[in-house]
Amino acid sequence: NPFVNEEDPVEAKNLRLYRTGDLARYLLDGNIEFLGRIDDQVKIRGFRIELGEIESALNTHGDVLQAVVLTRENESGDKNLVAYIVAGDFTPSNTEIKEFLSEILPEYMVPSFFVYVDKVPLTPNGKVDRKCLLKSASVATNKTTSLIHPINAIQFSLVKIWEEILKIKSISINDNFFTLGGNSISAIRMVSAIRKHFAKEISVADIFKNSTIHLLSLLLESPLKQHDNSP
């Protein structure tokens, strides 16, 4: 066969080559550096993310025995990172885990949800059964506060806006927008929704600084945030 590459032992001997799914590269010294799994790479909000890197970071926490990070798509089509964690004798809070990861990972790599499971399901081959994990363990909101209902019209409207953007119910006015799964993209949506509903202009930075409905309602009550067309 004139098209056979005699220098390639696989092709020259007409052998079958199987793709492993491992991502690697040749170094200048001829060695091969393992970079991770191709099937463990995802792209969320424009960022290419290696799920194994997040799992490795989680496993350095003293109260985490095992961690698996997957992606879930909500009703709006947005993808979110979900960390499934097998805890040790002490189960850390979602806030603690999130703050821990924020110190070692960029914001876009910190999972939006944390789900604690008794054990990680495995396939007959001993690998993590990701499909089974997604089906068996439902994602609950990362609520760290008791339910406190809105007390005025602004807070009632904000609850409706948050429910629409985050696709969750039973939101307390002291719940943190980002702890519930919000991110920079959904914060932009909130800015747009507030502009449309309240005719007031706020920024994404305002959302980060006032990330509860209680604080955000106080911000919106300020007349300084209204459109001012006077000379």
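Visitor: What makes α5 largely enclosed by the rest of the structure?

Guide: Count its buried residues. Buried means under 20% relative accessible area, exposed means over 50%, and partly exposed lies in between (1.4 Å probe, protein chains only). In α5, 10 of the 14 residues are buried, so this helix is largely enclosed. Among them are L158, V159, I161 and W162. They pack against α6 and α8.

Visitor: What kind of model is this?

Guide: This is a predicted model, where local features need pLDDT of at least 70 and side-chain atom pairs count only at pLDDT 80 or more, while totals for chains, interfaces and linings use all residues. Residues are numbered from 1 along each chain as its sequence is written, and side-chain values use heavy atoms, with hydrogens and water left out.

Visitor: Why is α5 called a helix, and what span is expected of it?

Guide: Helices are DSSP runs of H or I with at least four residues, strands are runs of E with at least two, and both are numbered from the N terminus. Helix α5 covers residues 153-166, which is 14 residues. The expected span is 1.5 Å times one less than the number of residues. For α5 that gives 20 Å, and the helix reaches 20 Å from its first C-alpha to its last.

Visitor: Why is S211 called buried?

Guide: S211 has a relative accessible area of 10%, which is under the cut-off, so S211 is buried. It sits in the loop between α7 and α8.

Visitor: What makes the link between S211 and N176 a polar contact?

Guide: A polar contact is a pair of N or O atoms within 3.5 Å; within protein, one must be able to donate a hydrogen and the other to accept it, and residues adjacent in sequence count only if both atoms are side-chain atoms. The side chains of S211 and N176 are joined at 2.8 Å, so the pair qualifies.

Visitor: Which residues does S211 contact, leaving aside neighbours within four places in sequence?

Guide: Contact means heavy atoms within 4.5 Å. By that rule, S211 is in contact with W162, D175, N176, F177 and F178.

Visitor: Why is G46 called exposed, but A199 partly exposed?

Guide: G46 has a relative accessible area of 58%, so G46 is exposed. A199 stands at 43%, so A199 falls in the middle class. G46 lies in the loop between β3 and β4. A199 lies in the loop between α6 and α7.

Visitor: What makes a group of residues a nonpolar core?

Guide: They must be buried Ala, Val, Leu, Ile, Met, Phe, Trp, Tyr or Cys residues, joined through side-chain atoms within 4.5 Å. The largest such core here has 24 residues, and those with the most contacts inside it include L158, W162 and I194. α5 gives the most to this core, with 7 residues.

Visitor: Why do β5 and β7 count as edges of their sheet?

Guide: Two strands pair if DSSP finds at least two bridges between them. The order in this open sheet is β5-β6-β7. β5 and β7 each have a single partner strand, so one side of each is left without a neighbour in the sheet. β6 and β7 pair in the parallel sense over 4 bridges.
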